[in-house]
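Subject: Handing over a structure

Dear colleague,

I am passing on the structure that we spoke about, and below it you will find my notes on it. Please read them slowly, with the model open beside you.

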Amino acid sequence: MIENRPWLTFASHATLLVGIGLVALPVWMALVASTHPASAFGAGHIPLWFGDAGGQTWGNVLFEKAGNGVDTPVFWMMLNSLIMALGITFGKIAISLLSAYAIVFFRFPFRNLCFWIIFMTLMLPVEVRIVPTYEVIANLGLLNSYTGLTLPLIASATATFLFRQCFLSMPGELVEAARIDGAGPWRFFFDILLPLSRTNIAALFVILFIYGWNQYLWPLLITTDDAYYTLVMSIKRMLSVTDGDIAWNQIMATTLLAMLPPVAVVIGMQKLFVKGLVDSEK
Amino acid sequence: MTDVILEKVGKTYLNGFQAIPSVDLSIEEGEFIVLVGPSGCGKSTLLRMVAGLESISSGTLRIRGEHMNNKEPAERDIAMVFQNYALYPHMTVYNNMAYGLKNRGVPKDQIEEKVTDVAQMLGLTELLQRKPGQLSGGQRQRVAMGRAMVRDPTVFLFDEPLSNLDAKLRVQMRVEIRQLQRKLGTTTLYVTHDQVEAMTLADRLVVLNKGKAEQIGTPMELYNTPATPFVAAFIGSPSMNLIDATLTDKGIELPDGLVLPTDTADAHRGAVVWGIRPEHLDVVNESEADFALRIQAVESLGAETLIHGVVGTESVVVRLSGPHLPEINSLMWLHAPKQHWHLFDANTQQRLSV
């Protein structure tokens, strides 16, 4: 900012601090609650500073069982979530890269029709086609499997569209130079197209990983075996205890653990993410 | 040996638009051919057809005697320098130059040798590990040329390679391109819209107009004996004064009743276009003058002065060496020496003997 007014600096900092407080307070409370015994939260007062049961709760939740009727340890569910999220992310990126490549760089009959058909699938997210999709997966015998968890979520019109835009902005002379240099379609794809869309891929990776990680409805439907439960859907199951008190400390620990991987991805790829969305190297 | 032969090569687009009706051209080994013309005349299309980036609708293209119409660009033994250089932005200068060789399966040590040689020739040795984004316009231009040179092709194709450089660099690169081409002796096809570039670089020029080759010849042939009014106006700067006139037994009758007596051997009578270059008009006394110019504007360029004015109602430019400061609206008496006249049939656009 060019202006230098002390009160303005003060006001903007104060606003930011209040904002941080508002956003971070629930996270803080979750962290604190996970370190108190289960009874503390149920007794009606909300502790604001760490208790002494932290180590035990976290250890139990992570490695023995999540509690509240969920007998699988969190690290196992985390692994399931990770496999699903990464499967969806890589599957989506690979498929949409290839379909965008075909649509932009090859001349074949009904090319535009293909694009519009892909584009129209935007109107058919999993929630809309959930019953038929479930039937297909069930008929294929893919219930309770990683394939069943990831496959129906892989097809992606959004990513195809994004890569199409990215490829369209590629200068035509670059394609021609590669042709004269003797690069066939695969060489061109791997040597030139892929490196040049690096930042777009990274940006998409962040968005799709979070999308995959946060999947709730689909895993809830097709998994009935504890071994395939994902973390996000299990939190809800932990809340529905039929008798007895809810062990809030365990739930809080699980929730925080569920938050960590997306946060790590966002922080780790922040620079590439912004670069991919705002600028292009071309 | 003839390196490249174009026989009745034509291009018609799918929508029926005929960009190039038919062009015949044969290029000798080591020759520097420049395709020149105004924008939209089809010069780039013709070049891209030789490169294989556009399909050839009719006629045949031969390179070293081999029929090339349906060959992929990579199989034609050509290398191209693009207007925007088209360097791969994510690769270093070294890899940019080596990429074409790698794809052809040339062994690594040979690639290194070739790239190092060419880099040295172009003064790029220090820059080999940089990326194109870190280079200046002139350096990028050199890398683009280097990429073409390492391949050691039969034909170099240049598509307006200097149009993105500033004026000073353009002159420098122009000289460099000419020297390099002489040294390498590689047949070259070069597209430009800039007639100065065309005149200075070419062994032979092809002037294109609406997809037709108006005239093919050395720069001096085109300057001294342009075949059509189009070529006459296009070659030379400022361009030739062309006046619609009538050829009668008395001589050339200009529209304002002025008559330039001539005893032309040509039997043609009727509408003609009479032309004379601005540098060939002489300032003389009233008694020796063919006509008077009413001065409208003076452009002093130091070494020369361009005087714009009207003869009757026709605008005429005179080019005089050294500084002159005639008054606006005054009269200037001019003599047009007969050996510098150009005469064209107004209907057929063909050159007539004076």
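In these notes a residue is called buried when its relative accessible area is under 20%, exposed when that area is over 50%, and partly exposed in between, using a 1.4 Å probe and the protein chains only. By that rule B:Leu208 counts as buried, because its relative accessibility is 1%.

Please keep in mind that this is a predicted model, in which local features need pLDDT of at least 70 and side-chain atom pairs count only at pLDDT 80 or more, while totals for chains, interfaces and linings use all residues. Residues are numbered from 1 along each chain as its sequence is written, chains are lettered from A and ligands numbered from 1 in the order in which they are written, and side-chain values use heavy atoms, with hydrogens and water left out.

Helices (H or I, at least four residues) and strands (E, at least two) are DSSP runs numbered from the N terminus, and two strands pair if DSSP finds at least two bridges between them. B:Leu208 belongs to strand β9 of chain B, and its bridge partner in β10(B) is B:Ala213. Strands β9 (residues 204–209) and β10 (residues 212–217) of chain B run antiparallel and are joined by 5 bridges. Their hairpin has 2 residues between the strands, and B:Lys210 takes a positive phi near 50 degrees there. The C-alpha atom of B:Leu208 is also 9.5 Å from that of B:Val23, although the two residues are 185 apart along the chain.

Chain B also holds an open sheet of 5 strands in the order β15-β19-β16-β17-β18, with antiparallel pairing. Its edge strands, each pairing on one side only, are β15 (282–283) and β18 (314–321) of chain B. Within this part of the chain, 6 bridges connect β16 (residues 291–300) with β17 (residues 304–311) of chain B in the antiparallel sense, and B:Val298 has B:Ile307 as its bridge partner in β17(B).

As for the helices, α1 (residues 43–51) of chain B is mostly covered, with 8 of its 9 residues buried, among them B:Leu46, B:Leu47 and B:Val50. Just after α1(B), B:Gly52 takes a positive phi of about 95 degrees. In helix α3 (residues 108–122) of chain B we find B:Glu112, which counts as partly exposed because its relative accessibility is 47%.

With best wishes
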